[in-house]
Amino acid sequence: MKKLLALVFVLAMAAMAWAAPLDCGYFTADVPEGWTFEMVQQDDNSVTGVLKAPDNTLAFTVSALKASEQLTVKTAAEQFAQAHGATGLAKMDGEGESYEYTATVNNAPVYAQIFAIDDTAIGYIAVAGDHESELATNVFNSIEFKE
């Protein structure tokens, strides 16, 4: 019984370490306490911000871009991959058009996905750091773009 209570206490403490969803203006994300968000660029065609862990071991660059005849999901993916020196841009399986790549930027591993948010917008999420960690996966999967 003591072990069960100890486990319940540990799980409760772990759950409390996560803050409420962080509202970043154009998206929300579930992140642990202490994470910060900084808007780095905004204009009529796009918005970009960086979501960071307090120890800088993980950083998410999150962008929303206005789609057009010239800027499709594919062309955006090609442009981002080229800018990061990625050589393995791949179309992802599943619903909707989406692409992914990995690269090394400033000696850090980067994983990125580019996808359609809706008919008018393209989403871009890049993770710098250990993108395969449980924390990175949980944060990545919690990101929700607003309309």
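This is a predicted model: local features need pLDDT of at least 70, side-chain atom pairs count only at pLDDT 80 or more; totals for chains, interfaces and linings use all residues.
Of the 147 residues of this chain, 36% count as buried, where buried stands for under 20% relative accessible area with a 1.4 Å probe, protein chains only. Residues are numbered from 1 along each chain as its sequence is written, and side-chain values use heavy atoms, with hydrogens and water left out.

Turning to the secondary structure, the chain has three helices and 10 strands, these being DSSP runs numbered from the N terminus, with helices H or I of at least four residues and strands E of at least two. Along the sequence their pattern is α-β-β-β-β-β-α-β-β-β-β-α-β.

Seven of the strands form an open sheet in the order β3-β4-β5-β9-β8-β7-β6, with antiparallel pairing, and two strands pair here if DSSP finds at least two bridges between them. Strands β3 (36-42) and β6 (90-91) stand at the edges with a single partner strand each, so one side of each is left without a neighbour in the sheet. Within the sheet, β4 (residues 46-52) and β5 (residues 58-66) run antiparallel and are joined by seven bridges; L51 has F60 in β5 as its bridge partner.

Helix α2 (residues 73-83) packs on this sheet, touching β5, β7 (98-105), β8 (108-116) and β9 (121-129), and its direction makes about 10 degrees with that of β7. Helix α3 (residues 134-142), in turn, lies across β4, β5, β8 and β9, at about 25 degrees to β5.

Technical notes: Buried means under 20% relative accessible area, exposed over 50%, partly exposed in between (1.4 Å probe, protein chains only). Contact means heavy atoms within 4.5 Å. Axes are lines fitted to C-alpha atoms, for helices over the stretch in contact, and angles run from 0 to 180 degrees between N-to-C directions.
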